[in-house]
Amino acid sequence: MVDTYPGDPFAPAEELVACIEACLACAQTCTACADACLGEEHVADLRACIRTDADCADVCTATAAVLSRQTDPDLKLVAALLEACAVACGQCADECEQHAGMHEHCRVCAEACRRCEAACRALLASMA
């Protein structure tokens with residue numbers, strides 16, 4: 001889709017597309033992880049994980065949406081959102097990694113969060 005925009009993207013297309021895709025994948029994975037946590041026997045022990053999953057999914061969804069809009073972007077806002085997304089992903093990965101030994105969904109989620117965090121940071125660096 002980025003290639004179909006009539007002008008130049010506000011950032012290198014490869015990094016931009018990679019980040020959008022990582023954000024969307026992370027949002028889906030975090031949503032599924034939160035749901036899986038709710039299905040676990042000791043759900044109360046996973047409260048923080050569910051909350052960070054939900055927060056991360058929302059931030060990733062918003063980031064993907066803003067990155068998908070190419071017309072007259074506010075680059076300060078884009079950079080702030082990318083930074084926020086990287087932070088949310090890092091926090092979610094940290095939380096999920098604490099449960100990864102017991103819950104496969106948390107391991108998978110932590111990996112998706114780390115990929116998204118790296119993609120956000122790479123896009124930020126390419127915009128500098």
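Q: At roughly what angle do the axes of α1 and α2 cross?
A: This is a predicted model. In it, the axes of α1 and α2 come within 8 Å of each other. Their crossing angle is roughly 155°.

Q: Is α1 roughly parallel or roughly antiparallel to α2?
A: Start with the angle between the two axes, roughly 155°. Angles over 145 degrees count as roughly antiparallel. Therefore α1 and α2 are roughly antiparallel.

Q: Is the crossing of α1 and α2 left-handed or right-handed?
A: The axes of this pair come within 8 Å. The crossing of α1 and α2 is left-handed.

Q: How many nonpolar residues are in the contact of α1 with α2?
A: Sort the residues of this contact by kind. The charged group holds 1 and the polar group holds 4. The nonpolar residues number 19.

Q: Is α3 roughly parallel or roughly antiparallel to α4?
A: The axes of α3 and α4 come within 8 Å and cross at roughly 155°. The cut-off for roughly antiparallel is over 145 degrees. So α3 and α4 are roughly antiparallel.

Q: How many charged residues are in the contact of α3 with α4?
A: The crossing of α3 and α4 is left-handed. Their contact has 20 nonpolar residues and 2 polar ones. The charged residues number 6.

Q: Which element gives the largest share of the largest nonpolar core?
A: This core has 42 residues. The elements that give two or more residues to it are α1 (13–39), α2 (47–68), α3 (75–99) and α4 (104–127). The largest share is 11 residues, and it comes from α1.

Q: Which residues does C116 contact, leaving aside its neighbours within four places in sequence?
A: C116 is among the residues with the most contacts inside the largest nonpolar core, along with C56, C60, L67 and C113. Set aside its neighbours within four places in sequence. Then C116 is in contact with A22, C23, C26, C60, C85 and C89.

Q: Is H99 buried or exposed?
A: H99 lies in helix α3. Its relative accessible area is 13%. The cut-off is under 20%, so H99 is buried.

Q: Which residues does H99 contact, leaving aside its neighbours within four places in sequence?
A: H99 is a residue of helix α3. Neighbours within four places in sequence are left out here. The contacts of H99 are D45, L46, C49 and C106.

Q: Which residues does H103 touch, not counting residues up to four places away in sequence?
A: H103 sits in the loop between α3 and α4. It counts as buried, at 12% relative accessibility. Not counting residues up to four places away in sequence, H103 touches E40 and L46.

Q: Is D72 buried or exposed?
A: The relative accessible area of D72 is 73%. Over 50% is the cut-off, so D72 is exposed.

Q: How far apart in space are D8 and L82, C-alpha to C-alpha?
A: D8 lies in the segment before α1. D8 is exposed, at 71% relative accessible area. In sequence, D8 and L82 are 74 residues apart. In space, C-alpha to C-alpha, they are 20 Å apart.

How values were computed:
Residues numbered from 1 in each chain as written. Predicted model: local features only at pLDDT ≥ 70, side-chain atom pairs only at ≥ 80, totals over all residues. Heavy atoms only, no water. Core = buried A, V, L, I, M, F, W, Y, C linked by side-chain atoms within 4.5 Å. Buried < 20%, exposed > 50% of the residue type's maximum accessible area, 1.4 Å probe, protein only. Helix = DSSP H or I, 4+ residues; strand = E, 2+ residues; numbered from the N terminus. Contact = heavy atoms within 4.5 Å. Axes fitted to C-alpha atoms, helices over the stretch in contact; angles between N-to-C directions. Parallel < 35°, antiparallel > 145°, perpendicular 65-115°, else oblique. Left-handed = near helix turned anticlockwise from the far one by under 90°. Nonpolar A, V, L, I, M, F, W, Y, C, P; charged D, E, K, R; others polar.
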